[in-house]
Amino acid sequence: MSDLTPAQARLAALNRLKAKQKLTAPAPGSSSSSRNAGGPPLVHKPGAAPASARNMVAQQQEKEAAAPLRRDPGLGKYFEYDLSKLHNSRGGFLTEEDLEGDRIKSVVELARQKEREVRMMKEGEEPAILQDSSPRCSECNSLEIDSQFFKVFDVRVCKKCKEKAPEKYSLLTKTECKEDYLLTDPELKDEDLLPHLLRPNPHASTYSNMMLFLRMQVEQVAWAKWGGEEGLDKEWARREEMKKRKREEKFEAGLRDLRKRTRNNLYQRRQDAEHVHHFVDVDAYEDEAGEARSVQRCDGCGAEQEIEVF
């Protein structure tokens, strides 16, 4: 239509309209007209035609724009995707955004970092300090409390008091909790029992995130589990004694096995050291009495034995 002039476009539209009307109009003398001869005459009511050719062309263009594109059957079977809703996964490759200095982060490191970011989002930002409604430090009644300790551990303490009392507010690693306070992995993973902070592992970025626990809460759980500090000391001494006994039993078992192997080797050496005679036949000879005798002699030690030949 872009190559036609406006006059030619209007003429083509009028010709198209006339052709449609001829196709929809009934043929004269048809069976339908003879069938309805006795009844009321059938009146053909064509659809509402546009006022001008220009309006008809505009309406046809609107219909073509609104209708979906026809699928080409020659392309075979395929799936249609909405590209505006697809997520760019970078095809599984790492980009410059994943660089850490001169080294590219691995998938494990990215997962650890994502876990820490989610935890920090949950902790949120520091709230505003209000004179009347803001929580105060339980030690010095200060308004400048550590918001991270308050949100994670539900402990109201300022940074100065936290540094002054490390026996209460210092952080313990998971290994220290298991070795010093004899707590188990299920107890340490229970956030309702013992909340924890997540920090990157200082040994290697590929290692698991470091879990930090508040000493005061860890001691409270350990005292409740072992019946106080004395009960914990007794349990620790009992386990150390058990470890010592197991080490001694292992050493004794190894020593017995060594003695057994040494004894077997000594017996084998003695067996190997014993001489076995290998006699060789010697020609017969006559003794002083004139009797015929046969003697065998060992080729190793020279021992002789007399044999009787039948």
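Author: F79, Y81, L83 and L86 form a nonpolar patch on the surface, and together they have about 560 Å² of accessible area. Patches consist of residues with over 30% relative accessible area and no salt bridge, where nonpolar side chains (Val, Leu, Ile, Met, Phe, Trp, Tyr) are joined within 5 Å and like charges within 9 Å. Accessible areas follow the Shrake-Rupley method with a 1.4 Å probe, and for residues only the protein chains shown count as cover. A salt bridge is a side-chain nitrogen of Lys or Arg within 4 Å of a carboxyl oxygen of Asp or Glu.

This is a predicted model, in which local features need pLDDT of at least 70 and side-chain atom pairs count only at pLDDT 80 or more, while totals for chains, interfaces and linings use all residues. Residues are numbered from 1 along each chain as its sequence is written, and side-chain values use heavy atoms, without hydrogens and water.

Y81 counts as exposed because its relative accessibility is 60%, the cut-offs being over 50% for exposed, under 20% for buried and partly exposed in between.

As for the context, the chain has 11 helices and 9 strands. Of its 310 residues, 18% count as buried. The chain exposes about 25,200 Å², and carbon and sulfur atoms supply 53% of that area.

Terms used:
Buried < 20%, exposed > 50% of the residue type's maximum accessible area, 1.4 Å probe, protein only. Helix = DSSP H or I, 4+ residues; strand = E, 2+ residues; numbered from the N terminus.
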